[in-house]
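Subject: Structure handover and notes

Dear colleague,

Please find the structure below, followed by my notes on what was found in it. I have kept the definitions next to the terms they belong to.

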Amino acid sequence: MKLLLVGATGLVGSHVLRLALADTRIDAVVAPVRRALPEHPKLDAPRIDYDHLPATAAWWRADAVICTLGTTIKKAGSQAAFRRVDHDYALEVARHAHDAGTPVYALNSAMGADPDSRFFYNRVKGELEADLARVGFRSLTYVRPGLIGGHRKEPRLGERLGLAVLGALGPVLPRRYRINPAERIAAALLDAAVSPRPGVHVVGSDRLV
């Protein structure tokens with residue numbers, strides 16, 4: 001099968017890429033990126049600008065899309081810039097892929113995603129989920145992790161403090177509130193892409209521990 005992966009240079013996306021390239025069920029991975037990736041016989045990594053996506057590129061046609069795009073408000077610089085990355089880019093990718101005939105989409109979303117949430121981050125994630133449901137994929141999966149465990153190239157202080165606290169309390173916390181390792185999230189996304197089920201599905205944080 002051919003997998004289209006967007007967000008391949010991020011924490012979760014890099015784990016998806018590694019797993020996908022090693023998976024014998026996957027023949028080819030297309031990972032459009034803004035900065036170069038190491039070469040691999042199964043990998044096509046076209047350089048792109050998310051503000052000017054090539055709508056007619058042949059690589060939009062795949063067997064499945066995995067989207068791990070995401071940023072923070074601090075890194076993006078504003079709520080509007082954050083929404084552009086976490087909502088607009090992910091939705092535009094979905095529409096281009098669907099228009100090209102790709103039937104499956106798996107999204108790295110977030111625990112608490114809700115279009116009616118009082119919290120901006122959760123509201124944006126929920127609005128994206130709702131908008132994706134209207135695109136028309138045969139199989140659509142939302143993977144909703146809580147706090148993600150793993151080594152980031154750009155450390156986030158608040159996240160590091162949260163990981164330390166949850167790591168200490170992990171044994172006594174309900175499963176849905178425990179740390180979700182990036183590799184477990186990546187494996188869930190890959191499973192949704194390789195073994196898709198018709199309809200809309202949610203993989204909660206309790207299944208990512």
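Contact here means heavy atoms within 4.5 Å. On that basis, residues 24 or more positions apart account for 69% of the contacts in the protein with a separation of 6 or more. Please note that this is a predicted model, in which local features need pLDDT of at least 70 and side-chain atom pairs count only at pLDDT 80 or more, while totals for chains, interfaces and linings use all residues. Residues are numbered from 1 along each chain as its sequence is written, and side-chain values use heavy atoms, with hydrogens and water left out.

The protein has six helices and nine strands, taken as DSSP runs numbered from the N terminus (H or I with at least four residues for helices, E with at least two for strands). Of its 209 residues, 48% are buried, that is, under 20% relative accessible area with a 1.4 Å probe and protein chains only.

After α3 comes Gly101, with a positive phi near 105°.

Val135, in the loop between α4 and β6, is buried, with a relative accessible area of 15%. Leaving aside neighbours within four places in sequence, Val135 is in contact with Leu91, Ala94, Arg95 and His98; the C-alpha atoms of Val135 and Leu91 are separated by 8.7 Å, although the two residues are 44 apart along the chain.

Lastly, the second largest pocket holds about 180 Å³ of space. A pocket is an open set of points on a 1 Å grid over the protein atoms alone, where a 1.4 Å probe fits, with protein on both sides within 12 Å along at least five of seven lines, and lining residues have an atom within 4 Å of a point; the volume is the space filled by probe spheres set on the points, which are joined across faces, edges and corners. The largest share of this pocket's lining, three residues, comes from α6.

Best regards

Note on methods:
Buried < 20%, exposed > 50% of the residue type's maximum accessible area, 1.4 Å probe, protein only.
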